[in-house]
Amino acid sequence: MSKKMDLRVWIEGTIIAAMAMGLSFIPLESANAAFDLSLGLIPLVLFSFRRGAIPGIAAGFIWGLLSIVLGSAMKNFISVPQIIFEYPFAFAFGGLGGLFSGKIQQAISSEHSGKASRYIIFGSLTAALSRWFWHYWAGVFVWGAYAPEGMSPYWYSFIFNGGSAVANAVMVSAVLVLVVKISPKLFLPKDGHYITGQAQNK
């Protein structure tokens, strides 16, 4: 990757992180947090499909840092390790959908819309489950202390974090499958060969 392209990718990732942070201010929280939707995950996963896993992870990490700096994370503050674990670290794993970026771009460039949609669903599921895997363990070791008497912290965390993971996987998959049908070029970088040499803008 050239230095110019490297800079372009990281600037794009920073913009995506800021966009995700902005979307996080839209209140979509349920009373018990079991099905909270994270709208910022949509642009993050799209970016990871466009640029790959490493830029996606970096953008997710920046989003997590912004959540701490701008104060939205601090309402859940218990300890420094906990807040780092649940925000920069967990959010970074939302970029792992980029593991499917090459396959998605190949399918789009070959005009196999059905295959592209399937990989988008797999990638969205990977992103959501990877992020909430870490929230799950935070739920066990940190928030498990607030579980109802007699309830296992493992089961308590599974109920609350599992519901959010599934809800967000469905949301991101549905939105990005719709986006790829309307504007598939959003998944392809202008250089065309950044993720895969077969992916060329039409």
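Guide: A crossing of two helices is right-handed if the near helix is turned clockwise from the far one by less than a right angle, and left-handed if anticlockwise. The model is predicted, so local features need pLDDT of at least 70 and side-chain atom pairs pLDDT 80 or more, while totals for chains, interfaces and linings use all residues. Residues are numbered from 1 along each chain as its sequence is written, and side-chain values use heavy atoms, without hydrogens and water.

Helix H4 (residues 80-92) passes helix H6 (residues 113-141) in a right-handed crossing; helices are DSSP runs (H or I, at least four residues) numbered from the N terminus. On H4, the contact (heavy atoms within 4.5 Å) is made by Phe85, Glu86, Phe89, Ala90 and Phe91. H6 contributes Arg131, Trp134, His135, Trp137 and Ala138. These residues divide into 7 nonpolar, 1 polar and 2 charged. Here Asp, Glu, Lys and Arg count as charged, Ala, Val, Leu, Ile, Met, Phe, Trp, Tyr, Cys and Pro as nonpolar, and the others as polar. The axes, lines fitted to C-alpha atoms over the stretch in contact, come within 8 Å and cross at roughly 160°. H4 and H6 are therefore roughly antiparallel (over 145 degrees).

Elsewhere, Glu12, Arg50 and Arg51 are linked in a network of salt bridges (a side-chain nitrogen of Lys or Arg within 4 Å of a carboxyl oxygen of Asp or Glu). Glu12 meets Arg50 at 2.8 Å, N to O. This pair joins helix H1 (residues 3-23) to helix H2 (residues 41-51), and so ties together parts 38 residues apart in sequence. Between Arg51 and Glu12, the closest N and O atoms are 3.2 Å apart.

Definitions and conventions
Helices (H or I, at least four residues) and strands (E, at least two) are DSSP runs, numbered from the N terminus. Axes are lines fitted to C-alpha atoms, for helices over the stretch in contact, and angles run from 0 to 180 degrees between N-to-C directions. Angles under 35 degrees count as roughly parallel, over 145 as roughly antiparallel, 65 to 115 as roughly perpendicular and the rest as oblique.
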